[in-house]
Amino acid sequence: MGVIAAFMVPHPPLIVPEVGGGEEKKIQNTINAYQEVACEIGALQPETIILTSPHQVMYADYFHISPGDKARGDFGRFRAKQVGIQVSYDTGLADRLCQEAARRHLAAGTAGEREKGLDHGTMVPLYFINQYWTGYRLVRIGLSGMPLLEHYRFGQCIKEAVESLGRRAVFLASGDLSHKLREDGPYGYRKEGPEYDSRVMEAMGIGDFGQLLEFSEDFCDKAAECGHRSFVIMAGALDQTEVKARRLSYEGPFGVGYGICAYQAGGEDARRNFKAQFEEKERVRLQKQRGQEDAYVRLARKAIETYVRTGQEIQVPKGLPAEMGSQQAGAFVSIKEDGRLRGCIGTIRPVCPSLAEEVIQNAISACSRDPRFPPITEDELDKLSVSVDVLGDTQEIESLGQLDVKRYGVVVSKGYKRGLLLPNLEGVDTVEEQVAIARQKAGVGPEEKVRLERFEVVRHY
């Protein structure tokens, strides 16, 4: 057996009548679709339900699988304590999943439980399912802060674990869509909100899971979605599997998107290897990008690769542009992997005899000494994008009106505290956001008086 069906479902507590108190009627289409999903699961009578929830324990670098034999929760947080859910866990499958993750060198397990009680991302789907089928055991899984590809890989682990034990399983990917659909909604509006929902529902409605991997972290953050990683794990659990996809409903009247889709699993389909397809696209893109890198980036990359492989610092090579040997300047080296920042270290003012040495030193620091990240390893080197920013002189300014988020970087200072943010960064769209981040980096409060400086950069790719 294996994963015989999967469902993308939202989790608004409002749709539980005891919580909604009549308000749930405003999303009746969602309730109707939920009833359809629950009825289908009742007809399938799975041995196990695997459920991923954004409101389960979440770690930056680890997938948490709920431990133990059973758990309980209720809707007391939503003024309906009388509505409770109790589950028995499939400990055999949970153990097998931990073993499979370890085999694939993926950080996942049952350690680190903070709250044994069920979260609402788990209870809302089960509230409906329990009306039709209760003869299942549950595997409950949290998301992580790791890249989307790692979530897909974890889904592949789930598929392998289920099949190896011969379980008849259904997958529930619990997750709301954007929380930024309306100005009068609880989280406000951003244009990325409706755009995110439209793109996700288009992809999920036809089962084109490969599109999920194309969403940038920045875009997802701006849309304030909560279920994307949940959907990606589900995609991995259906890797290379034929699916019959159905879009059942979509609504967003309260400013949060609720989408429901159903997937009936069929036989093997090697063409649906979405992770491999995405990695090949990335390989081609990075290969092309490397062929277009200028001397600054080539120098930074060589410094990174040599240091990661040998622990040695390179000497300044011959044949560099003359200004790299004759000039001094502050410089930042930024490293990304899978579209996510992987390291960034720099100097506001020069500390080395030449710009070339400045780049070398900061490249080594970015790959090995950025306190936000572990050192880069050799198997990551082919996946890295590198850029170099050469800083101009700083200029003190009197107000935010003298800044331009695309043109100028900013330095915020108060005494010995100092925070810097480069210009034209993905996800930083306003001067206010730029200064707020620089304040945070400096450890300075939003109301404290600070000294502001601006600077221009020359960015090398």
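At 12% relative accessibility, Lys-222 counts as buried. The views below are taken from a predicted model.

**View 1. Lys-222 and Asp-218 in helix H7.** Asp-218 is buried as well, at 18% relative accessibility. The two side chains form a salt bridge, with 3.6 Å from N to O. Both residues belong to helix H7 (residues 217-223) and are four residues apart, about one turn of the helix. The pair is part of a network of salt bridges that also links Arg-190, Lys-191, Glu-192, Asp-429 and Glu-433.

**View 2. Arg-349 and Glu-453 joined by a salt bridge.** The N to O distance here is 3.8 Å. This pair links distant parts of the chain, 104 residues apart: Arg-349 sits in the loop between strand E12 (340-346) and helix H12 (355-368), and Glu-453 in strand E17 (residues 451-460). Glu-453 is buried, with a relative accessible area of 3%, whereas Arg-349 is partly exposed at 42%.

**View 3. Arg-72 and Asp-74 joined by a salt bridge.** The closest N and O atoms are 3.5 Å apart. Arg-72 has a relative accessible area of 44% and is partly exposed.

**View 4. The whole chain, for context.** The protein chain holds 13 helices and 17 strands. Of its 461 residues, 54% count as buried. A search of the whole structure gives 39 salt bridges. There are 59 positive and 66 negative side chains, and the centres of the two sets lie 1 Å apart.

Note on methods
Residues are numbered from 1 along each chain as its sequence is written. This is a predicted model: local features need pLDDT of at least 70, side-chain atom pairs count only at pLDDT 80 or more; totals for chains, interfaces and linings use all residues. Side-chain values use heavy atoms; hydrogens and water are left out. Helices (H or I, at least four residues) and strands (E, at least two) are DSSP runs, numbered from the N terminus. Buried means under 20% relative accessible area, exposed over 50%, partly exposed in between (1.4 Å probe, protein chains only). Lys and Arg count as positive and Asp and Glu as negative; His and the chain ends are not counted. The place of a charge is taken as NZ of Lys, CZ of Arg, CG of Asp or CD of Glu. A salt bridge is a side-chain nitrogen of Lys or Arg within 4 Å of a carboxyl oxygen of Asp or Glu.
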